[in-house]
Amino acid sequence: DGQMRLTTFITSGLPCFILANWRGFSGGMRDMFDEVLKFGASIVDNVRVYNCPLFIYIPPCGELRGGAWVVVDPSINHNGVVEMYCDPTSRGGVMEPSGVVEIKFRENDVRELIRRSNPHLAALDHQRLRDEENRLLPLYRDFAIRFADLHDTHFRMQATGAVRGVVPWKDSRRLFHAKLQRKLKELSVAVSMVEAKEVGSISEGVRKIEAAFAQDHPDIPWGTNDALHMQWLTEKVELNGVFLSGVSLLPPSPLTAVEEVTRLTAQCQGTDALENCFESLFEDENMLKAAMGAMRRIRDRAEKVEKLTFKEGEMASKPE
């Protein structure tokens, strides 16, 4: 169902928000029967080619682990449109802390740590030493799990670049509205850069925008102050009309086209000149014929009005 919705969003060109609270895939018989991996792969395919803003958010007390993280990881997108954020109480990582402890901190390692941390145990006989280790073993294992859990907090996720920033749940609506506006503007500029052949892809344009902002504001990471980012983009593009290497990213002014038409029509003093003028304006043959036909009809109507006006003037000048 998720992959079908993403397909619809891609077709409609809509931004997407995903609340990611998944602990991964068990790989058991039921998951295989329900084709969980198949649909997960379909979601990966859609996220990879998504070209509108896509925000991944780990909600309060939520977890994103294992294969579920792979499905929505921002690095799989080729267009640079995916950003991931988390709540301060959320957790994220490939494995759960208990699983990490079972692999990295086995029972023999825990017993060795107990002996190293309690030198007085060396004076005990083997049986009493064993009993004391068994008594302390659950306590040390709990500490180890807590230590492993620290690697899954928002501090560590942000430090390693797994998430772009931390968004508290109570402020999420306001902050994500600002982030969506900023991302739409950012992608609009990136697309304009691609059309101007300034860059080869949207993702490259996004990276250049972030690099240019880092030069002007080295202490403010991109995506952490959306109001400032919007102001900076506006000044770079809408006020100056240029970005990076000086290529204009603004559409040509409508006055330019009007002035060009006025200049060309002023040079058209006859039928032949009019045809030459229209040929320079319209490359499509059908459009040229339609424009010429419309101009001839306007000219014929103007001539009829002129003749009628002349006749009325003659009749008015005759004496009664």
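1. What is the volume of the second largest pocket? The second largest pocket has a volume of about 250 Å³. Here a pocket is an open set of points on a 1 Å grid over the protein atoms alone, where a 1.4 Å probe fits, with protein on both sides within 12 Å along at least five of seven lines. Grid points are joined across faces, edges and corners, and the volume is the space filled by probe spheres set on the points.

2. The model is predicted: local features need pLDDT of at least 70, side-chain atom pairs count only at pLDDT 80 or more, and totals for chains, interfaces and linings use all residues. Residues are numbered from 1 along each chain as its sequence is written, and side-chain values use heavy atoms, with hydrogens and water left out.

3. The second largest pocket is lined by 15 residues (those with an atom within 4 Å of a point). Met84, Gly161, Val163, Arg164 and Trp222 lie nearest its centre. Strand S4 (residues 82-86) gives the most to this lining, with three residues; strands are DSSP runs of E, at least two residues, and helices runs of H or I, at least four, numbered from the N terminus.

4. Arg65 is found in strand S3 (residues 63-65). Arg65 counts as buried because its relative accessibility is 2%, buried meaning under 20% relative accessible area (1.4 Å probe, protein chains only). Among the residues that Arg65 touches are Trp22, Glu96 and Asp152 (contact means heavy atoms within 4.5 Å).

5. In helix H5 (residues 97-104), the buried residues are Pro97, Gly99 and Val101. Their cover includes S3 and helix H7 (126-150).

Conventions. Buried means under 20% relative accessible area, exposed over 50%, partly exposed in between (1.4 Å probe, protein chains only). Lists of a residue's contacts leave out its neighbours within four places in sequence.
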